[in-house]
Amino acid sequence: MDKQRRKILVMAYAISPYRGSEYAVAWNYVTHMSKENNLTVLYGTSDDHIGETDTMNKYIEEHPIGNVRFISVKPSTLANLLNWPNRHNLLVYTFYYAYQAWHKQAYGVAKELLKHEKFDLVHYVGMIGYREPGYLWKLGLPYVWGPVGGANNAPRQLMKHMPLMGCIKLAFRSVANTIQFYTKRRLKKALKATDVLLTATSENQHKFKGVHHKDSICIPENCITGKILLDESKFDNSSKYNIIIIGRLDANKSVGTLLEALTLVTKRDMLHVDIVGDGPLRDSLQKFACEHGLDGLITWHGQLPRAEAVKVFNSAHLHVITSVSEGNPTTIWEAMSYGVPTMSFDHCGMHDTICDRCGIRVPIEKQYEDCVAGIARNIDELLEHPERFRQLAHGVLECAKRYTWDEREKFWNELYVKAIEKHNSAFRLRL
């Protein structure tokens, strides 16, 4: 089996060659795994909402990918109705009801495909959240799910200075998340039918094992694409050290935490900060920066095309993540690909990916103020010993070798052999 091209049915709701996050997870998987496998990909969006696939349709027409068949599953009238409040920013949680309806349609499409052809395996690639297990596990084929995330809750202390609405949303998410994870019946059924479960972080791995007694393999949902490079010239006679933070300027990304930390940095005249991204909190963040004498340190790039955004990494000495909750943000891999170390709170996927050689993990203390002070203290220590920037950058080059797509391709192909063997063994036992 491992010497043949497998026929794999892939669930990848959101996919795009131009976007990051969930879209990039699916896109990178498809473009790399099609080298040794024949893929049939069920997808629902390449743009903002269910059914919006113009970007993908155009790309496929202009740049067809060998060994891949893309099937766009169009949302039903019910799915569109359920998604209408979300589309108009009235009640975003209705998306999950629309998303479930869409998954039922995708299951129907898959059953029709199975009437005329055979597949060796089903892989539910994304989206990575566990809340919607879909229905393809009911097909009776060898089934791989993941990497899966979303079981973790945000630390309360990191929410202290959030805008009120952001706090309410995250508090509601934490309560709903706990209830769903413990009680969702379809999740339990899907896990029982899953031959191999992959979890995106060790925190999620422990939760699936502790609550549902399901073993899993912990592996990040994405990894590095392209070459791994380092511009050594940025370390030569440097009087300024560049920090980059990239992402949507909202409550969850919590860029304000970095700004608060900067007010405590004693050597901040040695810093320049690139903030790449836009969002609802941009005005308030810029106001805070002006009021606290930080604006002269910061370049507010706004939203940049992805290709331009990652180029800013080339001159960066340090990448910072202050998110309240994450999986494995795409920016980690982009930073690694440019030899840039990451500083982050010690949780989520950053806990698993960042080590002392390639970055700095800041402990989450009991008090928010101590968390902020921890970031400031670590930045000051770097500025007192700037040779550490170069040392960490070279550490990134070493650690990055574990997170390339060449390594990931080997992992998936070997895993598929095991998943098929496990499924077939379990089937024989049932006979």
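This is a predicted model: local features need pLDDT of at least 70, side-chain atom pairs count only at pLDDT 80 or more; totals for chains, interfaces and linings use all residues.

Guide: The largest cavity has a volume of about 80 Å³.

Visitor: How many cavities of 30 Å³ or more does the structure hold?

Guide: Three cavities reach that size.

Visitor: Back to the largest cavity. Which residues lie nearest its centre?

Guide: Ile245, Ile246, Lys253, Ile321 and Ser323 lie nearest the centre, out of 13 lining residues. Two elements give two or more residues to that lining: β8 (241-246) and β11 (318-321).

Visitor: Which element gives the most to it?

Guide: β11, with three residues. By class, the lining of the largest cavity consists of six nonpolar, five polar and two charged residues.

Visitor: And what lines the second largest cavity?

Guide: Its volume is about 70 Å³. The lining is made of Val25, Tyr29, His123, Val125, Gly146, Pro147, Glu221, Trp405, Arg408 and Trp412. The most come from α15, which gives three.

Visitor: How do those divide by class?

Guide: Six are nonpolar, two polar and two charged.

Visitor: What is the peptide bond from glycine 146 to proline 147 like?

Guide: That bond is cis, with omega near 5°. Proline 147 is placed in strand β5. A cis bond also runs from glycine 126 to methionine 127, with omega near 15°. Methionine 127 sits in the loop between β4 and β5.

Visitor: Why point those out?

Guide: Most peptide bonds are trans, and most residues other than glycine have a negative phi.

Visitor: Which residue has a positive phi although it is not a glycine?

Guide: Serine 254 has a positive phi of about 55°. Cysteine 348 also has a positive phi of about 55°, and is not a glycine.

Visitor: Where does serine 254 lie?

Guide: Serine 254 is in the loop between β8 and α8. Its relative accessibility is 10%, below the 20% cut-off, so serine 254 counts as buried.

Visitor: Cysteine 348: buried or exposed?

Guide: Cysteine 348 counts as buried because its relative accessibility is 4%. Cysteine 348 belongs to helix α12 (residues 348-353).

Visitor: You mentioned α8. Why is it largely enclosed by the rest of the structure?

Guide: Because seven of the eight residues of α8 are buried. They are Val255, Thr257, Leu258, Leu259, Glu260, Ala261 and Leu262.

Visitor: At what angle do the axes of α8 and α13 cross?

Guide: Roughly 65°, where the axes of α8 (residues 255-262) and α13 (residues 368-384) come within 8 Å. The crossing of α8 past α13 is right-handed. On the α8 side, the contact uses Thr257, Leu258, Glu260, Ala261 and Leu262. On the α13 side, Tyr368, Val372, Ile375, Ala376 and Ile379 take part. Eight of the contact residues are nonpolar, one is polar and one is charged.

Visitor: New topic. Where does lysine 74 lie?

Guide: Lysine 74 is in the loop between β3 (68-72) and α3 (77-87). It counts as partly exposed because its relative accessibility is 43%.

Visitor: What is lysine 74 in contact with?

Guide: Gly51, Thr53 and Gln105, leaving aside neighbours within four places in sequence.

Visitor: How far apart are lysine 74 and glycine 44?

Guide: They are 30 residues apart in sequence, and their C-alpha atoms are 6.6 Å apart in space.

Methods
Residues are numbered from 1 along each chain as its sequence is written. Side-chain values use heavy atoms; hydrogens and water are left out. On a 1 Å grid over the protein atoms alone, a cavity is a set of points where a 1.4 Å probe fits but cannot get out, and a pocket is an open set with protein on both sides within 12 Å along at least five of seven lines; lining residues have an atom within 4 Å of a point. Grid points are joined across faces, edges and corners, and a volume is the space filled by probe spheres set on the points. Helices (H or I, at least four residues) and strands (E, at least two) are DSSP runs, numbered from the N terminus. Ala, Val, Leu, Ile, Met, Phe, Trp, Tyr, Cys and Pro count as nonpolar, Asp, Glu, Lys and Arg as charged, and the others, Gly among them, as polar. Axes are lines fitted to C-alpha atoms, for helices over the stretch in contact, and angles run from 0 to 180 degrees between N-to-C directions. A crossing is left-handed if the near helix is turned anticlockwise from the far one by less than a right angle, and right-handed if clockwise. Contact means heavy atoms within 4.5 Å. Buried means under 20% relative accessible area, exposed over 50%, partly exposed in between (1.4 Å probe, protein chains only).
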